[in-house]
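This report is for a reader who is new to the structure shown below. It takes up a few local features in turn.

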Amino acid sequence: AADLVEEVVRIAGLDRIPATPLPRVSGVTQAVLTDKQKRARRLRRLLAARGLVEAVTWSFITKEQATHFGGGGAHLDLANPISSEMSAMRPGLLPGLLAAVTRNRNRGADDVALFELGQAYRGDRPEDQYLSGVGVRAGTATLAGSGRHWAGAAGKVGAFDVKADVFAALTALGIDPQKAQISRDAPHWYHPGRSGTLRLGPKAVLAHFGEVHP
């Protein structure tokens, strides 16, 4: 029905359609955002306040990158990719952010702090799609600021800087990070001696943090 009405309006002309105001709903407007949307908005504001710039990267990456970052299954390969560089659905947001950091550094911007909230894919079922938040700091892009320091050489970003970001993000989401356990079993794309995983119990993984493996 809507398509037929649209065709009639197009042929007759919009100037012949009288303007009709929508009825005003009485009372206080109810909240329309879900709890998930509220948490995502809160996390975006928190990460931006900590000096990270939001990025939106492609949901498609190369097959090699997808395999390296825990994906790469044939069920997540695109049947008709727009290019060979975007042939697989991303298993996480980190490869796209690392590529963005690399492009910035190749153009002379060595101090980069980016974050992204977006969908990633563990499989081809609807329940395999999940919302993830990832942040990357490079060069001297610390919480205190980036660039040269008046007292001498500016300090480089380290594992403790991103650990502080993770703790702040969990706190903003209502989770007490002090109750979490830190283990050394971070994924293999992190530095084995400068990374960790935050857990609530043996199965509930809250976050990974650390330096990228050399």
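## Ser-195

The model is predicted. In it, Ser-195 touches Ala-186, Tyr-190, Phe-209 and Gly-210, leaving out residues up to four places away in sequence. Ser-195 is part of strand 7. Its side chain reaches the backbone oxygen of His-191 at 2.6 Å.

Is Ser-195 buried or exposed? Ser-195 has a relative accessibility of 15%. Buried means under 20%, so Ser-195 counts as buried.

## Helix 4

Helix 4 covers residues 94–106, which makes 13 residues. At 1.5 Å a residue, a helix of this length should span 18 Å, and the end C-alpha atoms of helix 4 are 18 Å apart, so the two values agree. Just after helix 4, Gly-108 takes a positive phi of about 95 degrees.

Which residues of helix 4 are buried? They are Leu-94, Pro-95, Gly-96, Leu-97, Ala-100 and Val-101. An α-helix has 3.6 residues a turn, so residues three or four places apart point the same way.

## Nonpolar cores

The largest nonpolar core has 17 residues. Leu-94, Leu-97, Val-101 and Leu-114 have the most contacts inside this core. Helix 4, strand 4 and strand 5 are the elements that give two or more residues to it. Apart from this core lies another, of 9 residues, among them Leu-47, Leu-52, Ala-113 and Ala-141.

What is Leu-114 in contact with, leaving aside its neighbours within four places in sequence? Its partners include Leu-97, Ala-100 and Val-101, which are among the buried residues of helix 4. Leu-114 is also in contact with Leu-52, Val-53, Val-134, Gly-135 and Val-136. Of these, Leu-52 is a member of the core of 9 residues.

## The second largest pocket

The second largest pocket holds about 200 Å³ of space. Strand 2 and helix 4 are the elements that give two or more residues to its lining. The largest share, 4 residues, comes from helix 4.

The pocket is lined by Thr-57, Trp-58, Phe-60, Ile-61, Thr-62, Gln-65, Glu-85, Met-86, Pro-95, Gly-96, Ala-99 and Arg-103. Among these lining residues, Pro-95 and Gly-96 are also buried residues of helix 4.

Terms used: Residues are numbered from 1 along each chain as its sequence is written. This is a predicted model: local features need pLDDT of at least 70, side-chain atom pairs count only at pLDDT 80 or more; totals for chains, interfaces and linings use all residues. Side-chain values use heavy atoms; hydrogens and water are left out. The expected span of a helix is 1.5 Å times one less than its number of residues. Buried means under 20% relative accessible area, exposed over 50%, partly exposed in between (1.4 Å probe, protein chains only). A nonpolar core is a set of buried Ala, Val, Leu, Ile, Met, Phe, Trp, Tyr and Cys residues joined through side-chain atoms within 4.5 Å. Contact means heavy atoms within 4.5 Å. A polar contact is a pair of N or O atoms within 3.5 Å; within protein, one must be able to donate a hydrogen and the other to accept it, and residues adjacent in sequence count only if both atoms are side-chain atoms. On a 1 Å grid over the protein atoms alone, a cavity is a set of points where a 1.4 Å probe fits but cannot get out, and a pocket is an open set with protein on both sides within 12 Å along at least five of seven lines; lining residues have an atom within 4 Å of a point. Grid points are joined across faces, edges and corners, and a volume is the space filled by probe spheres set on the points.
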